[in-house]
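Morning, everyone. Please look at the model on the screen while I talk.

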Amino acid sequence: MTIPVTLPRPEARVNDFVARFANVNGTGSASANFLFAKAIFRMGVPVTPKNIFPSNIQGLPTWYEVRVSEKGYLGRREGIDLLVAVNAQSMKQDIASVREGGYLMYDSTKKLAPDLIRDGIHYLGVPMMELANENFSNPRQRQLFKNIIYVGALAILLQIEFSVLETLLKEQFAGKEKLIAPNLKALKLGMEYAREHFDFPLDFYLERRDLIRDKIMVDGNTACGLGAVYGGATVMAWYPITPSTSVAEAFEKYATKYRVDPETGKNQFAVVQAEDELAAMGMVIGANWNGARALTATSGPGLSLMNEFIGLAYFAEVPAVLIDVQRAGPSTGMPTRTQQSDITLAANASHGDSKHPLLFPSTPKECFEMTAACFDLADRLQTPIILMTDLDLGMNDHMSEPFQWEENRKYDRGKVLNKEELDAMGRYGRYLDQEGDGIPYRTYPGTHPTKGAFTTRGTSRDEYAVYTEDSAAYKRNMDRLLVKWETTKSLVPKPQLYQETNQSDWGMLFFGTSTFSSEEARDLLAAREIQLDALRIKAFPFGKETETFIRTHQLVFVIEQNRDGQMRSLLIQEMQHDPLRLVSILNYDGMPITADQIALKIADYLKQNNAVPHDLSETFI
Amino acid sequence: MTYLKPLFRHPRLPKNKLGYTLKEYEGSISTLCAGCGHDSISATIVQACFELAIEPHLVAKISGIGCSSKTPAYFLGNSHGFNSVHGRMPSVATGANMANKNMVYFGVSGDGDTASIGMGQFVHAIRRNLNMVYIVMNNGCYGLTKGQDSATADVGSASKSGHINPFQPVDLASLAVELGATFVAQSFSGDKQQLVPLIKAAIQHQGLAFINVMSPCVTFNNNPGSTKSYDYVREHMHATGKMDFVPQQKPIQATYAEGTDTAVTLHDGSVMSLHKLAPDWDPEDRLSTVNALQQARAKNEILTGLLYIHTGYGDLHKILNTTDTALNGLTEKNLCPGKKTLDTINAGLR
């Protein structure tokens with residue numbers, strides 16, 4: 001069955017378009033493209049840029065896609081309105097990707113080959129190389145300013161305010177003032193050329209708004225690194241892996257800035273680049289066991305390697321914080337493309353009966369606050385906590401609510417006994433459940449000369465941490481861990497409900513970076529009289545809100561970015577729901593899911609199952 | 001073997017300067033085979049810590065998996081222990097050490113744990129010069145899974161079942177020297193006289209102190225034809241010297257005859273004195289240690305004693321320039337940059 005790719009939208013052409021830049025990586029295009037996106041942001045208009053890049057350092061095609069949406073839709077949508085094609089390698093494919101009636105900007109220094117001429121789109125030739133060569137002598141500058149020249153042309157065609165661009169360039173080159181003038185010159189070259197040669201503005205363009213307010217623009221990995229600094233992490237152990245590397249880099253950057261003792265010049269943190277992910281996880285466990293807050297950041301392949309250690313930390317009850325920036329798997333998969341496909345791996349990481357709390361941020365603000373929250377949760381629950389982010393959120397800049405921190409917020413270090421408390425009590429038992437919440441008391445090494453010491457191990461032991469292979473003692477411990485799991489449900493972030501009471505028999509359930517496209521899809525469907533209730537999951541284990549939501553809807557569409565419907569499996573596994581009630585809406589091509597895909601797949605499902613009385617296909621064409 | 005440890009101790013057991021007797025340094029009863037060399041090593045650790053008057057609770061014991069890795073439960077019962085996963089003791093020790101620089105770290109491992117599954121972590125702990133004592137209880141076989149050859153078994157060595165090992169051994173001491181370890185020693189579980197001063201010096205050493213201890217497996221590798229049996233090791237041991245450890249607190253009384261004796265001053269001022277038996281060997285010269293090890297190997301000798309020491313190189317904390325307060329002792333005041341800073345960061349992202 002074929003379904004249309006895009007959904008028609010009302011013809012609001014102000015502040016509503018998708019521009020895509022096709023570049024060669026390693027040519028300095030990233031900063032020019034970011035300048036374009038940031039200028040729109042500064043004009044008060046919601047914008048989402050996404051990098052689509054190869055697993056390569058230099059020479060392969062790379063794209064930068066900018067969605068502009070007055071309505072504030074931050075997910076991807078289908079249909080490219082404007083394509084800036086400056087990569088000969090991908091030119092043919094790029095030209096084909098422009099929507100009917102859209103625009104193609106290209107370097108007209110050389111004439112386009114006849115096979116690159118397509119009907120139904122507008123060609124905007126700007127002699128970028130020629131202009132750069134005529135005006136700049138340094139070969140590297142010629143290359144770089146070619147990019148700034150097309151930004152200049154776009155400024156005229158789309159009505160980007162020059163003063164905004166000028167300010168941004170001045171900020172970017174603060175300290176390197178010599179570079180400001182040639183950059184401005186390149187910008188003006190592009191502007192002049194466009195003014196002289198094209199009708200402007202295009203039939204979609206920008207207008208200043210006040211829709212950004214105090215929002216920030218930042219990538220999720222930076223937010224995670226900063227969250228770890230605020231959350232009190234002192235040890236970071238990691239191994240380089242795309243797309244998580246910049247979490248460690250951000251942690252080190254912010255710690256170097258804010259955590260150096262001003263008196264001694266010494267570091268109040270330690271970052272160790274480990275020999276592999278196993279060692280990184282071992283270090284995190286060792287440090288947490290010894291009373292420091294420690295974290296690691298990794299992606300699917302690293303998480304696979306850490307499995308044995310995660311099981312140890314679960315069973316031995318050692319806190320740990322992991323940030324999994326998911327990418328397309330399995331195996332090496334597509335290292336630079338996004339997915340939400342480590343969910344079942346993370347939820348049940350390691351052999352034996354083991355399960356782990358997962359947190360699902362969808363914005364940089366949530367990356368920041370959930371990373372900090374992970375440390376409190378890990379200490380409170382004495383178990384590994386995994387933050388499930390992904391390449392889309394981690395490596396792309398996102399418009400986000402600003403980071404927030406309550407003044408004088410105290411860390412929750414959980415149940416830890418100090419020397420005085422040990423002195424005041426009878427026999428200490430590391431795995432005794434004193435309060436009935438399944439969480440026992442721990443002691444840090446070195447607390448007391450004669451009391452409170454024990455051996456931590458992955459082998460079965462009794463309540464006093466004494467090695468035993470007694471079946472009853474083993475079972476008591478495993479059952480207590482389930483009590484702790486119940487406690488966990490009350491501590492992890494609650495889901496977001498989009499309605500106070502049910503409005504529909506159908507619901508949609510989503511999480512993480514599927515959120516924005518799902519919200520937009522919900523609006524697209526509502527405009528076609530298909531009402532859906534919605535719930536966003538923020539954590540595993542699921543609480544009763546999620547349970548109720550599924551139970552009180554006939555059908556729940558579970559939207560996720562993997563092939564096997566992993567979140568759906570987890571919902572069925574944990575809550576024994578009728579699998580027929582949960583319908584997967586999936587995307588797993590490595591690209592962030594689009595609103596159009598979600599809406600069309602849901603509509604198609606409803607039509608196929610005669611759930612809607614009218615013929616939906618007509619409403620879509 | 002007995003499973004009960006007698007509670008009775010001689011009322012006039014000698015006390016160290018903390019007022020502790022040996023009893024305060026003991027652990028629970030060993031579940032290893034009677035006569036296991038590993039138990040002798042545990043007793044030696046107890047003795048060394050007692051003599052150095054170390055606060056037992058300021059020691060952390062970390063191990064991997066295997067017979068050797070069970071031993072931390074059998075010494076220093078007032079210390080926290082961590083019996084982690086196979087081959088990964090070094091990473092857990094690294095994390096623990098990062099969290100609190102003001103404790104003594106004992107890493108206990110075996111030849112399977114270090115020379116096979118944990119080889120990578122062994123190498124990298126050495127590279128980082130982690131401040132710890134790294135002891136390998138080396139019996140040339142996998143005891144806990146009933147005697148399979150390990151990577152340190154010599155070519156031609158026979159196991160109990162008669163199987164002849166066809167593969168080249170990993171020589172952990174040579175490798176450690178090669179990797180730039182700052183303290184490398186080798187000993188025999190039956191030689192308490194040599195092992196006690198070695199462990200004391202290893203504790204005082206500021207950096208990774210590696211001790212490879214031949215510790216024959218009485219059950220699976222103590223047969224004729226094995227090069228890790230008690231008889232073989234005893235007959236083929238060749239001590240680099242007679243050694244004594246002089247803590248910083250005591251005046252140094254030893255006198256050294258020129259040419260044969262050497263004294264190495266450790267970081268804290270304590271002294272390792274060595275009465276050398278090999279005239280050409282210098283424990284502070286890596287090349288000469290490599291030569292001595294290779295020559296011994298050619299003669300089927302097991303060179304024991306302190307093989308190499310370098311005291312001038314900083315440990316991981318020094319390399320990372322960490323603050324003097326243990327990281328696990330820092331609070332919100334030191335750790336959290338606060339709301340105002342966050343507002344500035346937000347402003348920079350607009």
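Start at A:G232. This glycine follows helix α7(A), and its phi is positive, near 90°. Helices here are DSSP runs of H or I with at least four residues, strands are runs of E with at least two, and both are numbered from the N terminus.

Before going on, a word on ground rules. This is a predicted model: local features need pLDDT of at least 70, side-chain atom pairs count only at pLDDT 80 or more, and totals for chains, interfaces and linings use all residues. Residues are numbered from 1 along each chain as its sequence is written, while chains are lettered from A and ligands numbered from 1 in the order in which they are written.

Back to α7(A). Is it buried or exposed? Eleven of its eleven residues are buried, so the helix is largely enclosed by the rest of the structure. Buried means that 20 or more other C-beta atoms, placed from the backbone, lie within 10 Å of the residue's own. Among the buried residues are A:C224, A:L226 and A:Y230.

In total, 56 residues of chain A are in contact with 50 residues of chain B. Contact means C-beta atoms, placed from the backbone, within 7 Å. Which element gives the most to chain A's side? That is α9(A), with nine residues. By class, this side has 32 nonpolar, 16 polar and eight charged residues. Nonpolar covers Ala, Val, Leu, Ile, Met, Phe, Trp, Tyr, Cys and Pro; charged covers Asp, Glu, Lys and Arg; the others, Gly among them, are polar.

The chains also share strand pairing. β15(A) and β2(B), residues 80-83, pair in the parallel sense over three bridges. Two strands pair if DSSP finds at least two bridges between them. Here A:R457 stands opposite B:N83.

Now a sheet within chain A. Six strands form an open, mixed sheet in the order β2-β3-β1-β4-β5-β6. Its edge strands are β2 (47-52) and β6 (122-126), each pairing on one side only. Inside chain A, β4 (residues 80-85) and β5 (residues 98-107) pair in the parallel sense over five bridges. In that pairing, A:V84 has A:M105 as its bridge partner. Helix α4 (residues 139-158) of chain A packs on the sheet, touching β4, β5 and β6.

Last, chain B. UniProt, in an unreviewed entry, lists residues 65-213 of chain B as "domain: Thiamine pyrophosphate enzyme TPP-binding". That span is 34% helix and 23% strand.

Conventions: Contact = placed C-beta atoms within 7 Å. Axes fitted to C-alpha atoms, helices over the stretch in contact; angles between N-to-C directions. UniProt positions renumbered as here; feature names shortened; annotations may be inferred. Buried ≥ 20, exposed ≤ 12 C-beta atoms within 10 Å, placed from the backbone.
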